[in-house]
Amino acid sequence: MAQIRIEKLRKEFGSFTAVQSSSFTIEDGEFFMLLGPSGCGKTTTLRMMAGLELPTSGEIFIDGDEVGMKRASQRDIAFVFQMFALYPHMNVRRNIAYPLLSQGVAKADVKTRVEDVARILRIESILDKPVGGLSGGDRQRVALGRAIVRRPKAFFMDEPLGALDAEFREHMAEELRALHDRIGATTVYVTHDQLEAMQMGDKIAVMNHGVVEQLGPPQQIYDWPATRFVADFIGSPPMNFLEFQGMIGIGGDHVVLDGQRIAVPTSRQGAEGALTLGVRPEHVRLSDASPYRARIEAAEYLGTTQIVRLATANGPIKARISSADVVRPGETVGLDFDSRTLTLFAGERGRALVSEANEGVLVHG
Ligand code: ATP
């Protein structure tokens, strides 16, 4: 059980800054995701917390203790890598017992603890089998068993499911989350897969170029992205961006796109110049009555819904609508937006403007 806090944590490799200056708290028992594209600094952040990489500056606290000077082995965490290396000449029981035996734990205690872990992971029936003939899933469970048998304060996992095929990966993701709920240890998990992050995480820190751009529960990040980058990285298809030159004042409740008035949540901030209206595909409605026009380019059938690609004066847009609705490529239609769900982005970094809808939940990293 552990609360982990980092303060202004920074890592430079020569003249390159991999992690800019991160500060956040991971609460005790939380399943915390570090999410972002390749090279954004997720692994470096995790390795610094684990004691495998020395920070250039900043502090790391585990349960209030500053652990910067402590080696990885003294931090009482378990690091689970993508490649699970098991000892091939030992059976499952000995593989799981190994960390305890090397710590000198009494044999009787080792037996009880290994059997407890096997029960949690539901692998009692294979305890005495050699690891050589095990399926991929069972190997993964044995490796997890070896990590949890030590009862560490926290688990750090770096893309542990990265090498698995899609179906098995989804299954293991469910198992990992269920395991977390059973043992309740703080888990920090690195992934570049937004679906995995949404599916498993209590909280997600979305990283880009060494910066945490947003931190919050999955739904908050999905509904109220703090930046254009976050809005684009999360969601499939991602949020649409309608670009326009315009302005909105404090208290403003609409913007003008292609000469048409579009209602937005009352703004708490003013901005003008190059602005972007963000709208999720499921919040776009096709409506003959609406004066904001778009041309239907194509439709992609997905079972209960379809993704309709449209061209507007402010750029391409995708709508997720019912497959029961008939659309004809080449036709012109009106678009209506669910105004309560809209986000306006402004400035060079595409920061979300604070409005009555996202006020209080919008947390910039
Ligand atoms: P990936 O999933 O691709 O590993 P990541 O978000 O985990 O991405 P990091 O591994 O943290 O990214 O790397 C962040 C940046 O720091 C990358 O540009 C990487 O090339 C660089 N980097 C990492 N380790 C070193 C090192 N030891 N020396 C020099 N540069 C490094």
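Reader: What is the strand order in the sheet of 4 strands, and what makes the sheet antiparallel?
Author: The order is β2-β1-β4-β5, the sheet is open, and its pairing is antiparallel. The model is a predicted one. Strands β1 (residues 4-13) and β4 (residues 57-62) are an example, running antiparallel and joined by 5 bridges. Two strands count as paired at two bridges or more, so the 5 bridges between β1 and β4 meet the rule. Within this pair, Arg-10 has Ser-57 of β4 as its bridge partner.

Reader: Why are β2 and β5 called edge strands?
Author: β2 (16-26) and β5 (65-66) each have a single partner strand, so one side of each lacks a neighbour in the sheet.

Reader: Which helix lies across β1, β2 and β4?
Author: Helix α1 (residues 42-50) does, and it runs at about 120° to β1.

Reader: What makes the contact of Glu-53 and Lys-11 a salt bridge?
Author: The N to O distance between their side chains is 4.0 Å. The cut-off is within 4 Å, from a side-chain nitrogen of Lys or Arg to a carboxyl oxygen of Asp or Glu, so the pair of Glu-53 and Lys-11 counts. Glu-53 sits in the loop between α1 and β4 and Lys-11 in strand β1, 42 residues apart, which makes this a link between distant parts of the chain. By this rule the count of salt bridges comes to 20.

Reader: What domains does the chain have, and how many salt bridges cross their interface?
Author: The domain assignment gives domain 1 (4-223) and domain 2 (236-352). The rule finds 1 salt bridge across their interface. The side chains of Arg-349 and Glu-213 meet in a salt bridge at 3.6 Å, N to O. That value is within the cut-off of 4 Å, so the pair of Arg-349 and Glu-213 qualifies.

Reader: Which elements give two or more residues to the side of domain 1 that touches domain 2?
Author: They are β10 (211-216) and α7 (218-223). The most comes from α7, with 3 residues.

Reader: How do you know that the two domains touch, and what area do they bury?
Author: There are 6 residues of domain 1 in contact with 5 residues of domain 2. Contact means heavy atoms within 4.5 Å, so the domains touch by that criterion. Domain 1 and domain 2 bury about 430 Å² between them, of which 30% is on carbon and sulfur atoms. Of the area that domain 1 buries against domain 2, 77% is supplied by Glu-213, Tyr-222 and Asp-223, more than by any other three residues. The C-alpha centres of the two domains are 39 Å apart.

Reader: What is the order of the open sheet of 5 strands, and which are its edge strands?
Author: The order is β15-β19-β16-β17-β18, with antiparallel pairing. β15 (284-286) and β18 (315-322) are the edge strands, each pairing on one side only. On average, neighbouring strands of this sheet are turned by 45° against each other, direction ignored. Strand β17 (residues 305-312) pairs with β18 over 8 bridges, and Leu-310 stands opposite Ile-317 in β18.

Reader: What makes β11 and β20 partners of β14?
Author: Strand β11 (residues 240-248) is joined to β14 (residues 271-279) by 9 bridges, and strand β20 (residues 343-346) pairs with β14 over 4 bridges. The requirement is at least two bridges, so both pairings hold. Leu-277 of β14 takes part in each: Leu-242 stands opposite Leu-277, and Leu-344 in β20 is a bridge partner of Leu-277.

Terms used
Residues are numbered from 1 along each chain as its sequence is written. This is a predicted model: local features need pLDDT of at least 70, side-chain atom pairs count only at pLDDT 80 or more; totals for chains, interfaces and linings use all residues. Side-chain values use heavy atoms; hydrogens and water are left out. Axes are lines fitted to C-alpha atoms, for helices over the stretch in contact, and angles run from 0 to 180 degrees between N-to-C directions. Domain bounds come from an automatic or database domain assignment. Buried area is the accessible area (1.4 Å probe) that two parts lose on being put together, summed over both.
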